[in-house]
Structures are given as structure tokens and as C-alpha cells.
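Dear colleague,

Please find the structure below, together with its sequence.

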Amino acid sequence: MKKLKLLKIPPILSSVYKKKLLFDGAISAAIIIVVYSIAATFDINEKWIEWSEKYEQWEIDELPFGLSVFAFAMVWFAWRRLQDLKKINRALSLAQQSLLSEIAQRKQAEKLEAETRHKIEKNMRIQQLRNARDSVIQEMGEFLMFAHSKTEIINIAVQRTQEVLPFESGAIYEYQGDTLKYLQGWGDFRQDISSNLEDYTCWASRRFQAHIETFLEDTSPLCAHAMPGFQSICVPILTPKGMWGIFYFCRSAQTDEDQQELDIGIQEINRLAKSITDALGLHLHNLFLKEQLTLESMKDPLTGILNRRGLKQMVHERNLLGNPELNFAVLLFDIDHFKSFNDRYGHDMGDRAIISVVEAVNNMMRSEDIFCRHGGEEFVLIFSDICSENVIRRAEGIRRLVEDKTIEIGQEKSKKLTISIGIAIYPEHGNTYEQLFEHADKALYFAKQHGRNQVVDYEQFLQSS
């Protein structure tokens, strides 16, 4: 900033002023000398005395003429000095006013500079905090990209959100039908509000945008999420398939000064919440697509049951071969004389026959059982936690159920189907999937060679060999 330059007033006895004094003194002396000379020449002293006698009341006669002249010169000299002093006082007054004005301008400039510096520092802090929050959201997106389940996605979103948004409570809800189900959250209110959402659609889901509400005690709430004395924000979690759920936030209605100063206002919170829910919705949809593709790749498109890949994946997930204490059975069966049936009635009727068999077997399935179309008219069943006697009994039940079903072929004709079943039991007949499948296949081949439409286990095959 430009430094203030003080106005320098020249001293009274400066060189110029000294010259002026000498000049005025010389003039005064010259006047005195001239007057004395004239008085001596024309005898003015006697006339002065005569004239002064007329004015005795003023006592002028007592004042010598020379002294009078000298007094007059001094009066003139003093008058000149008085005029100089007035000029100097005016100059000093103007200088003082200029100095005060410049001081006031300097103070105003310093104040403006301090305010500008404070605003710059504040904006820098705000920008740094925004960058930090955006960095957390970006990092959250990177974690979400590699999440393998919905639970992981929700857990990552909840953890990262607490680092970004200054809220005392929060929760993620998922729409299941027409109700919202609480999944995960933090704070004190996540459980309290869950009971209010069973038969209520939040305003965020009604408007498909964030709903912000401050519920004071003397007002009535619009949204079921609103809590007395708190500010509630409901942000919809949207996916390309529609409304997935709601991300709910809650904090005290009294925002502290630090938050106001650092611009953690409602607009910034709304921006951050939308960024979080957008990322959350995107990765939830990506997970859904991934699961759908995985599921479709593991299922047979004709029957809807597992295919060969799905069977191996299910055996691996349940770790059936990793615990020798488990008992499970592998059943391999196919439709008897299916090739001739397919050649005679066509592929459409063949597909109907396969679907009919699958429907019959599904009626005998338990939740822990695994059913797979291994290829063509060949199927695999895995019965978990079952003894040998029950395996034979259940397999016979499936065989009879298929045998009792008929397929309408057309022109009031129907056809019955039968199946042959081969069984291998873990760990008695093998310790690996390949061994069990091979032994079940040998038992199936034995059943087909000895009349079909029957159940044969690997133990029976060994005894007959």
C-alpha cells in the first residue's frame, strides 16, 4: 500500500520569511527616516505640538512626534505579521484537514484490505473443504465400483457419508413393494423412524427429488421423517429402473456458526447428498445388472433351473466337498427314449416333455436341494444332509411322479414319460465332484441297460458287476 506522506509546513523563520521580515523592517525604517527628515526640514515638531494641544483630552501632546511615527511603523509591521499568521493558520488548517482525510482514507483502505484478505482466506478454506469432500465422494465411487454385494455397497456409502455431511443421524431405506425397509444407518433416530414408514410414502419419493424440512414445535410436519427440533433431508436413490430407496439425514435445526462460516449450508449439503445418492443408485443398478447376467449365465433358459455352470458354482458356494462330515447324494437321471420321442413328435414337443419333467421334480424339491439341467434330457439332483435310505425313497417318489404325468400331444392323444435315475453318495462313493458324477453316471447306465424307469445307486451297481 502507498505510504502516507505527511505535509511539511515550512518554519516561520525560513529563509523566504526572513527576507520578508527584513524587507518590512527596511520599509518601516525608511518611513521613520523619511518622516524625521521632513519633520526637521519643515519644523513639523512645532506644528505637531500646536496640533496636539487641540486634542488635550487624548493626551497626544505628551507623545513625541518621533515616537508616534515609530509606533505607527510598528503598528504597520505588526499588521503585516498578523496577515502572515492568518495565511499560515489557513495553510495549517488545510494541511490538517488533508492529513486527517488521508488518515481516514488509509484506515478505510486497511479495513477494506483486511476484509478482502478475510474473504479470500474464507473462500480458500471453503474450497479446500469442498475439494476434500469431493475427494471422499470420488473415493467412495471407486470403492463402490469393486463392491460385490448390496451389503458392501450400503456399508461403504454409510461410512463415507459420515465423513462428508455434518449430520447427527442418517439411514438408508430400500423400497420393497410399497414399503420402505431400513437397511443401515447411524445416530439415534434410525430405528425410531423405521416404524413410521410402513404405510407412508416419503415426499422425496413423491416428487422424485430431495425434500428438506425443518420441524419446529409450533408447526405440523409434512414428511413422516420430520423430527421435532430437527432438520430432515430425504434424498431419493434413483436407478434406471426407478426409485430404489431413500437416503435420510437428520441434524439439529440450530446450525452452528462454524458451519455457516464454512458454507456447509443447505445448498452445499443438497449438492453433496445428490452426488452420494447418484453414485449409490448407479452402482446398485450396476450390481443388479451384474447379478442378473451372472444369474442368467447360471440358469437354463428353457426350464429356469440351474445349468452345468450354475451347478458347479452352487456346489462351490455351499462347500459341499470341503466337509467330510456332510452327507449328500448326487442323482443323475434322464428321460427314457427321449430321442425317439423327439424325432417322432418334434422339438417343440420335446421341449414340452423336458418342461413337464422339471415341473414334476420341482414339486419334490426342498430349499436346500440343487436341481440342474446337465444337458439335453439329462438332469442332476443334489440332496443335501440325507441318508442313503431317504435318498432311494425320494428318488422313487420323483420317478413315480414323472411316470404319472401325461403330455397332451394333439388330437386328444397323450403320452406318458418315464425317467431312469443313478445315485452316488458322498463320501461313500467318491470325494470329488468328478468321481461322484462318474459313479452316478455308471449307475444310470446300469438302470437304462436293465429296463429303464428305475432307480439304481452306485452300491447296487457294484454288487451287480
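**Findings on the model**

Leu-144 counts as buried because its relative accessibility is 2% (buried means under 20% relative accessible area, exposed over 50%, partly exposed in between, with a 1.4 Å probe and protein chains only). This is a predicted model, in which local features need pLDDT of at least 70 and side-chain atom pairs count only at pLDDT 80 or more, whereas totals for chains, interfaces and linings use all residues. Residues are numbered from 1 along each chain as its sequence is written, and side-chain values use heavy atoms, with hydrogens and water left out.

Leu-144 belongs to helix α3, residues 65-145 (helices are DSSP runs of H or I, at least four residues, and strands runs of E, at least two, numbered from the N terminus). Setting aside residues up to four places away in sequence, Leu-144 touches Ile-153, Ile-156, Ala-279, Leu-280 and His-283 (contact means heavy atoms within 4.5 Å). Ile-156 is 12 residues from Leu-144 in sequence, with a C-alpha to C-alpha separation of 7.0 Å.

The protein has 14 helices and 12 strands, and 37% of its 465 residues count as buried. Among contacts between residues at least 6 apart in sequence, 62% join residues at least 24 apart.

A further point concerns a helix pair. The axes of α11 (residues 347-362) and α12 (residues 388-404) come within 9 Å and cross at roughly 135° (axes are lines fitted to C-alpha atoms, for helices over the stretch in contact, with angles from 0 to 180 degrees between N-to-C directions). Val-357, Ala-360 and Val-361 in α11 meet Ile-398, Leu-401 and Val-402 in α12.

Kind regards
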